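Take a look at the structure first.

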Amino acid sequence: MATIEECRTALDKLSDNMASAERDVRTAAALDRSLSCRITDLDTTFVGRLKDGRIEVLDTLQGPPPDKAQIRLTMKGDDLVSMVNGELNFAKAWGSGRVKLEASLRDLFRLRTLL
């Protein structure tokens, strides 16, 4: 089971990957939205912002997020680490229910380039 530190490192790596991505992916990630990433097996939520193509983690909380972020991810820690390391395909994990992504329809269309 991935640790909180490994999950935080994975989010930082994902942020770096998005910031250095090619034009279409970088454009898709160039939103300014509140973001939460709930790690169910650790009962932990990372809250922050997706801004200028980067994920900015502002806090790590025990339990579910207190507020509803505009973009919400929910998954196990191992799945987060595996996705960021390229071992788990996001679209397949999302389609099978291993990863949950909630956002407005407009944001989902824009984020589909990242998927």
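D32 counts as partly exposed at 38% relative accessibility (buried means under 20% relative accessible area, exposed over 50%, and partly exposed in between, with a 1.4 Å probe and protein chains only). This is a predicted model, where local features need pLDDT of at least 70, side-chain atom pairs count only at pLDDT 80 or more, and totals for chains, interfaces and linings use all residues. Residues are numbered from 1 along each chain as its sequence is written, and side-chain values use heavy atoms, with hydrogens and water left out.

**D32 and R49**
- D32 joins R49 in a salt bridge, 2.9 Å from N to O (a side-chain nitrogen of Lys or Arg within 4 Å of a carboxyl oxygen of Asp or Glu).
- D32 sits in the loop between helix 2 (23–29) and strand 1 (33–39), and R49 in strand 2 (residues 44–51), so the pair ties together parts 17 residues apart in sequence (helices, H or I, at least four residues, and strands, E, at least two, are DSSP runs numbered from the N terminus).
- R49 is partly exposed too, at 28% relative accessible area.

**R33 and D107**
- R33 and D107 form a salt bridge, with their closest N and O atoms 2.9 Å apart.
- R33 is in strand 1 and D107 in helix 5 (residues 105–111), so this link spans 74 residues in sequence.
- Both residues, R33 and D107, are buried.

**R72 and E102**
- The R72 and E102 side chains meet in a salt bridge at 3.9 Å, N to O.
- R72 is buried at 15% relative accessibility, while E102 is partly exposed at 29%.

**Whole structure**
- A search of the whole structure turns up 7 salt bridges.
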